[in-house]
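The exercises below ask for careful reading of a structure, and each is followed by a worked solution. Please try each task before reading on.

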Amino acid sequence: MAPSLDRQGYWGRPTSTLDWCEENYVVSYYIAEFSVGVGSWCFHMTLLYEMQLLDELPMIYSTCVFVYCLYECFKQRKSISWFPVALLLLFSITVTVVYLQWKEPVFHQVMYGALVACLVIRSVFIVTWVYPWLRPLCYTSLGVFLLGFLLWNIDNIFCDSLRASRKTLPPGVGVATQFHAWWHIFTGLGSYLHILLSLQIRTTYLKYRPKVKFLCGVWPTLHVEPQRTS
């Protein structure tokens, strides 16, 4: 984590329980740190606890949606399993209530990690026993996400060393050592690839013909062709 003694900016003293390795208010008096996404941007820009919740709690909610979609991917159309809905809703409410009372970031990280573990276990099971031809996409999404997680840990553990090295490196090279930014990039890309995987599993089960195609030869997208007619 970043040292707490950074320069002050428009939003005042940080009240968040986390402060990352980017130096605060270096670029702008109004922006403590730069980020992407509405909740994440508000948190990094202000470093206020309320904005931290706006960033972190939606991570729990959205991942619960991913878990439901992946664990219910072999259901028939227009069928809803209310038990997993109720279970995930209870989980989300419990995490929210506990986190509002207990401002411990490790609690949120463990709960988020548990949800991600559920996704990994389910994904590996499907590509091992049901659709083995989807292994490359599954393992690519997992590998990209884990790379982001690795860089996140490096940024946390070696923050002081990284900050010191940026003072001696050219600006363009120093920016590349902002590993927390790379965490956002790689985990975002890994999540996107996992969404493609989940969609491909579901549409394959429904007898459609999904294919991964690359936009401009680079960006993967999913194209779903109509069902085969008998």
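**Exercise 1.** What joins the side chains of Ser 81 and Glu 72?

Solution. This is a predicted model, in which local features need pLDDT of at least 70 and side-chain atom pairs count only at pLDDT 80 or more, while totals for chains, interfaces and linings use all residues. Residues are numbered from 1 along each chain as its sequence is written, and side-chain values use heavy atoms, with hydrogens and water left out. The side chains of Ser 81 and Glu 72 are joined by a polar contact of 2.6 Å, a term for a pair of N or O atoms within 3.5 Å, where within protein one must be able to donate a hydrogen and the other to accept it, and residues adjacent in sequence count only if both atoms are side-chain atoms.

**Exercise 2.** Decide whether Ser 81 is buried or exposed.

Solution. Ser 81 has 17% relative accessibility and therefore counts as buried, since buried means under 20% relative accessible area, exposed over 50% and partly exposed in between (1.4 Å probe, protein chains only).

**Exercise 3.** Find which cysteines a disulfide joins, and describe the bond.

Solution. A disulfide, meaning a pair of cysteine sulfur atoms within 2.5 Å, joins Cys 21 to Cys 159 with an S to S distance of 2.3 Å. The pair links distant parts of the chain, 138 residues apart. The torsion about the S-S bond of Cys 21 and Cys 159 is about 100 degrees, so this disulfide is right-handed. Cys 21 counts as buried because its relative accessibility is 1%, and Cys 159 is likewise buried at 1%.

Note on methods:
Helices (H or I, at least four residues) and strands (E, at least two) are DSSP runs, numbered from the N terminus.
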